[in-house]
Amino acid sequence: MAYYNTNSHSPPPLQHPVPTHPAYIPEPPSTPMSPQGYQRYTSTPPAQGYPQSLPNQGHPSHLAPQYGAPSYQPMGHGAPGHQPHPSAMGPGGPVDFSSWGLDNATAAFGMQLGQSAVAAGSDYVQKNLGGFIPISMLKHHFNVSNSYVIKKLRLLLFPWKHKPWSRHVVRLENGQSEWSPPREDINSPDLYIPLMALVTYILLAALHSGLHSRFHPEILGVTASKAFAVVLLDFLFVKSGCYLLNIPGGLSSQVLDVLAYDGYKFVGVIVTLIAGLLGFGRTLYLLVFLYTFFSTAFFLLRSLRSMVLPDASATAAAVNPSQRSRRITFLFLVAVSQFVYMGILVRV
């Protein structure tokens, strides 16, 4: 029978060591950089906004982490490697694109190329469109105010007692004269109300189709195309009449004025569509349509009169009686044609 000799000098069986935490960590030696000794950080200094580390459970809270152990720093605002460059944050300093992961030379070249493209586009628009319709005249027709918009809308819907209808003239320092801007003259045509009315009309047509379960994205394009076609047809009719009747006036100014007058019909169309959406009945709907048609026609008769039948002092050649009768007939045709245009627009 085999047995072990208890008196032999064989080593005891091996055992795995149990890890223990040291009860005391000696202080490191002082360094020349810190006269009071080595500064140990148990947490990030609060001045930098770092969250303090939680104390280790089961050990005294005054014990510091092991000397030389890497400390955890959150990757957030203020973390090393993620701080924006001071020049990128300054209000007046140059932008440092390297802090955004871009090459400064490439970014500067891209910005220069973009500025050159914008300048070339502005020059192209000024040379091509500016020769036909000056940009200054476009700004003139958009020079409106809140009070002007409210008064103009009221004039478009209730033009019966408005007086006078003549436009104001401003004398410049160089002796020339020009029309007053819309914000200073309620009788001056503008492009702001027609443009906003056109956009509102398209949205109302889409809403009307949606309430009747007929909406699809193509309605927006179809409605916009129909509106532009009506405006273009009305514009060509008025310009052709002015050309055949030898009505004087600057080409660019007449183009913008006629476009403005053509776009005012959308205000009456919008009122008619709102009456239809409220469900007042077909009879009231037709009455609203007829009222807006007559108000728009009356407004155009009085407003276009200054362009079709100018005063004798404003023209070099006097208008003979036959020309005057033809121009009056043309004015009535323009007013009556609004019934057809508005009838097309209200069918959504």
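How do H8 and H9 run relative to each other, roughly parallel or roughly antiparallel? In this predicted model, the axes of H8 and helix H9 (residues 282-308) come within 9 Å and cross at roughly 170°. Angles over 145 degrees count as roughly antiparallel, so that is what H8 and H9 are. On the H8 side, the contact is made by Lys265, Gly268, Val271, Thr272, Ala275 and Gly276, and H9 brings Tyr285, Val288, Phe289, Thr292 and Thr296.

Next comes the pairing of H8 with H5. Here the axes of helix H5 (residues 192-211) and helix H8 (residues 265-277) come within 9 Å and cross at roughly 25°, so H5 and H8 are roughly parallel. The crossing is left-handed. Among the residues making this contact are Ile193, Leu204 and Leu211 of H5, along with Phe266, Ile270 and Leu277 of H8. Charged residues are absent here, with the contact dividing into 14 nonpolar and two polar.

As for charge pairs, the count comes to two salt bridges. In one of them, Lys265 meets Asp234 at 2.8 Å, N to O. Lys265 sits in helix H8 and Asp234 in helix H6 (residues 218-244), so the pair ties together parts 31 residues apart in sequence. Lys265 counts as buried, at 0% relative accessibility, and Asp234 is buried at 0% too.

Asp257 forms a salt bridge with Arg167, with the closest N and O atoms 3.4 Å apart. Asp257 is buried at 7% relative accessibility, and Arg167 is buried at 13%.

How values were computed:
Residues are numbered from 1 along each chain as its sequence is written. This is a predicted model: local features need pLDDT of at least 70, side-chain atom pairs count only at pLDDT 80 or more; totals for chains, interfaces and linings use all residues. Side-chain values use heavy atoms; hydrogens and water are left out. Axes are lines fitted to C-alpha atoms, for helices over the stretch in contact, and angles run from 0 to 180 degrees between N-to-C directions. Helices (H or I, at least four residues) and strands (E, at least two) are DSSP runs, numbered from the N terminus. Angles under 35 degrees count as roughly parallel, over 145 as roughly antiparallel, 65 to 115 as roughly perpendicular and the rest as oblique. A crossing is left-handed if the near helix is turned anticlockwise from the far one by less than a right angle, and right-handed if clockwise. Contact means heavy atoms within 4.5 Å. Ala, Val, Leu, Ile, Met, Phe, Trp, Tyr, Cys and Pro count as nonpolar, Asp, Glu, Lys and Arg as charged, and the others, Gly among them, as polar. A salt bridge is a side-chain nitrogen of Lys or Arg within 4 Å of a carboxyl oxygen of Asp or Glu. Buried means under 20% relative accessible area, exposed over 50%, partly exposed in between (1.4 Å probe, protein chains only).
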